[in-house]
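Here are a few quick notes to go with the model. Have a look at it first, then read on.

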Amino acid sequence: MFTRRGVHTDNIMFEHLKALPQDPILGLLQLFRNDPRASKIDLGVGVYKDAQGHTPVMNAVKLAEQRLLEQEKTKSYIGPAGTEGFGRAMAGLLLGDDCPLIDSGRLTIAQTPGGCGALRMAAEFLKLCNTDATVWVSNPTWGNHIPLLGGAGLNIKQYSYYSKATHGVDFDAMMTDLQGAQAGDIVLLHGCCHNPSGADLNIEQWQAISNLLVDKGLLPFVDIAYQGLGRGLDNDAAGLRLLAEQVPELIIAASCSKNFGLYRERTGALMLLSATEEQARAGASQLFSAIRGHYSMPPSHGAAIVETILTDTTLRANWQAELDQMTQRILSLRDQFVAEMDNQGMDFSFIAEQQGMFSFMGISPEQVLTLREQHGIYMLDSSRVNIAGLSIENIPAVAQALKTVLR
Ligand code: LMR
């Protein structure tokens, strides 16, 4: 059969495809943008917002960009691993500048298109290590973890993590579930600022997990997308650094989206810590070949900004001061929200105990829908809110609306 314009339609390929539901986070962003109400409040997608509700370009980023504009000499290819300078700077940020692992020959670093690129290439790498690999993710976890890791063909299992009753980590249940993992399984851990719950492990718990990983022969895989937005750059990496010292092998996926505000520049890093230098060389060749087969090489601009900032004392101090301000703002919003809920006669004190950009409100999907439709307040169906979307101006309205739906 031919259409009017002469296109053969008997064997067309795409007709069997069914439309998928929208991604829950990106779909909510679209719904928010389409909402004409001036009073609407966006507590959905995880981007930092200032008191005016803007997501500004960080000052140090602007300065680094100006410098790059003047000094960059070429736009030629950078290769699958990205630049050595970026890799080294990121290794210092994550593991500590004086960490001996950085020059040990055991660390492989790839500059990646965002934290998502790091997660996906880690999954592709794990498939090369073991075609039947199983990765354990926290329940709950970030909505894109399972598509990114499962999409590469990894088997996914979940371990208990968050207790709705205590609003904290259910550590006993987590350890019990991980006791059921098999040697060679992979355990995905959130480095800090757990997304979506904001409930983080303390350092004693990281130590207990490290012991369990070593005892059972499990591979830790740390996703760290919010370093600096919880309790400071070093504190937020403390669990990761503890593991790096104690385990033979480790995978790290890091994002520069939030702490450098580089969301759309897609800037991240993947690090593999191998047990020996020889294994690191083989692992690196496999990883870089897999990258070449997927997107060939990463984008450069965001990573060049990060490298410029981290390797210049003044720019680095400027960036860190602004990041600290962002973190302080989130902490103070947590306190203000708790105080306002208290005024309304509701105990939400757990919000002040949690870290980073996210927390659950602990309400049902129906109540979330009522908030959205009747009050123009947007949060994920799970009731995850982006705390940075709150402000002195909108906290009373959010508290009042919550009181209404909880009545
Ligand atoms: C989020 O969790 O909202 C962010 O990490 C944005 C995203 O891509 O999902």
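Which residues surround the ligand?

1. They are I25, V45, G46, W142, N195, Y226, K258, F358 and R384, where a residue qualifies if one of its heavy atoms lies within 4 Å of the molecule. Bear in mind that this is a predicted model, where local features need pLDDT of at least 70, side-chain atom pairs count only at pLDDT 80 or more, and totals for chains, interfaces and linings use all residues. Residues are numbered from 1 along each chain as its sequence is written, and side-chain values use heavy atoms, with hydrogens and water left out.

2. Now the polar contacts (pairs of N or O atoms within 3.5 Å). A polar backbone atom of G46 sits 2.7 Å from an oxygen atom of the ligand. A polar side-chain atom of R384 is 2.8 Å from a ligand oxygen, and for an N or O atom in the side chain of K258 the distance to a ligand oxygen is 3.0 Å. Of the 260 Å² that the ligand exposes when taken alone, the protein buries 81% (Shrake-Rupley method, 1.4 Å probe).

3. Over to helix α2 (residues 59–71) and helix α12 (residues 313–343): their axes come within 8 Å and cross at roughly 150 degrees. The two are therefore roughly antiparallel (over 145 degrees). On the α2 side the contact (heavy atoms within 4.5 Å) is made by N59, A60, L63, A64 and R67, and on the α12 side by L315, N318, W319 and E322.

4. Helix α2 also packs with helix α11 (residues 301–310), at an angle of about 105 degrees and with axes 9 Å apart. That makes α2 roughly perpendicular to α11 (65 to 115 degrees).

Conventions. Axes fitted to C-alpha atoms, helices over the stretch in contact; angles between N-to-C directions. Helix = DSSP H or I, 4+ residues; strand = E, 2+ residues; numbered from the N terminus. Parallel < 35°, antiparallel > 145°, perpendicular 65-115°, else oblique. Polar contact = N/O pair within 3.5 Å; in protein donor to acceptor, adjacent residues only side chain to side chain.
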